[in-house]
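Dear colleague,

Please read the text with the coordinates open beside you.

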Amino acid sequence: MEKANNNIITINNLNAYYKNVQVLKNITCEIPRNSITVIIGQSGCGKSTFLKSINRLVEEEEGRLSGEIRIDEADVMNTPKELLRKQVGLVFQTPVIFPFSVKKNMLYPLEYHYKLNEKEKTEKIINYLKLVGLYDEIKGNLNIHAPKLSGGQKQRLSIARCLCIEPDILMLDEPCSALDIGNTILIENLLRDLKQTFTIILVTHNLSQAKRIAEHVLFMNNGMLIETGDNLMFLNPLKKLTKEYIEYMNY
């Protein structure tokens with residue numbers, strides 16, 4: 001059934017701290033469902049911490065959170081972390097690849113979250129490898145040693161592994177920073193396709209990439225959310241800090 005509210009995430013006065021350092025400062029925003037939201041801003045402004053706040057990974061890094069995060073009205077702070085991280089997947093800048101076969105890499109989340117027979121596991125693995133365009137590239141060989149894959153293939157394997165538990169939200173932190181233009185285009189096209197089923201939140205330093213794929217934009221500076229808007233923000237920012245950042249990155 002289609003949700004009445006077009007926003008899947010609602011955040012009010014979110015703060016994040018590591019020891020005595022405040023990294024996020026009173027962030028309030030909404031994230032629309034089935035869209036690509038891109039977070040931009042200079043290094044160290046809190047973009048990655050923002051992602052890790054949504055799935056409460058900050059707490060695993062000895063940080064703490066205050067404020068409110070709701071996913072479809074459910075309070076994230078009161079949601080069991082296992083359930084939350086099934087609902088919200090996170091793909092890191094450097095793909096996490098285990099030193100085993102492609103199949104075994106995919107099995108980790110499947111066996112943790114589901115009770116499936118061998119046939120069901122294999123069907124899910126093949127389905128999601130096909131979804132990210134990797135199955136044909138490895139010629140259907142699920143036993144290929146995953147560390148032998150190229151950088152772009154490893155990143156897509158990480159995405160497939162994240163998607164196989166069928167989260168509502170897929171978050172990606174600089175997924176293309178180490179990839180060549182060919183693999184970057186593959187990932188961008190993949191994200192455009194995936195937004196039909198999943199809500200995408202992407203952190204990137206690449207302003208050209210942000211312009212190409214963003215439908216909703218968050219600009220952060222010094223732990224604060226300065227401006228939100230649609231793709232037109234790149235042409236007509238409302239805030240002085242946003243304008244200065246975009247001009248600098250376009251220089």
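The crossing of helix 5 with helix 6 is right-handed. Please keep in mind throughout that this is a predicted model. The axes of helix 5 and helix 6 lie 9 Å apart and the two helices pack at an angle of about 130°; since angles over 145 degrees would be needed for roughly antiparallel, helix 5 and helix 6 are therefore oblique to each other. On the side of helix 5 the contact is made by Tyr128, Leu129 and Leu131, which meet Leu157, Ala160 and Leu163 of helix 6. By class, this contact has six nonpolar residues, with no polar and no charged ones.

Helix 5 also packs with helix 4, and here the axes come within 10 Å and cross at roughly 110°, so that helix 4 and helix 5 are roughly perpendicular to each other. This crossing, too, is right-handed. From helix 4, the residues Val102, Lys103, Met106, Leu107, Leu110 and Glu111 meet Glu118, Lys121, Thr122, Lys124, Ile125, Tyr128 and Leu129 of helix 5. Sorted by class, the contact of helix 4 with helix 5 comprises seven nonpolar, one polar and five charged residues. Helix 4, which spans residues 102-113, has as its buried residues Val102, Asn105, Met106, Leu107, Pro109 and Leu110, and these pack against both helix 5 and helix 6.

The remaining helix pair I looked at is helix 6 with helix 7 (residues 181-194), whose axes come within 10 Å and cross at roughly 20°. Helix 6 and helix 7 are therefore roughly parallel to each other, and helix 6 passes helix 7 in a right-handed crossing. The residues of helix 6 that take part are Gly152, Gln153, Gln155, Arg156, Ile159 and Leu163, and they meet Asn183, Leu186, Ile187, Leu190 and Leu194 in helix 7. By class, the contact between helix 6 and helix 7 has six nonpolar, four polar and one charged residues.

What surrounds Leu170, once its neighbours within four places in sequence are left aside? Leu170 is in contact with Gly89, Val91, Ile159, Cys162, Leu163, Leu191, Leu194, Thr199, Ile200 and Ile201.

Leu235 lies in the loop between strand 10 (224-230) and helix 9 (240-250). Because its relative accessibility is 73%, Leu235 counts as exposed, the cut-off for that term being over 50%. Between Leu235 and Glu247 there are twelve residues in sequence and 10.0 Å in space, taken from C-alpha to C-alpha.

With kind regards

Conventions
Residues numbered from 1 in each chain as written. Predicted model: local features only at pLDDT ≥ 70, side-chain atom pairs only at ≥ 80, totals over all residues. Heavy atoms only, no water. Contact = heavy atoms within 4.5 Å. Axes fitted to C-alpha atoms, helices over the stretch in contact; angles between N-to-C directions. Helix = DSSP H or I, 4+ residues; strand = E, 2+ residues; numbered from the N terminus. Parallel < 35°, antiparallel > 145°, perpendicular 65-115°, else oblique. Left-handed = near helix turned anticlockwise from the far one by under 90°. Nonpolar A, V, L, I, M, F, W, Y, C, P; charged D, E, K, R; others polar. Buried < 20%, exposed > 50% of the residue type's maximum accessible area, 1.4 Å probe, protein only.
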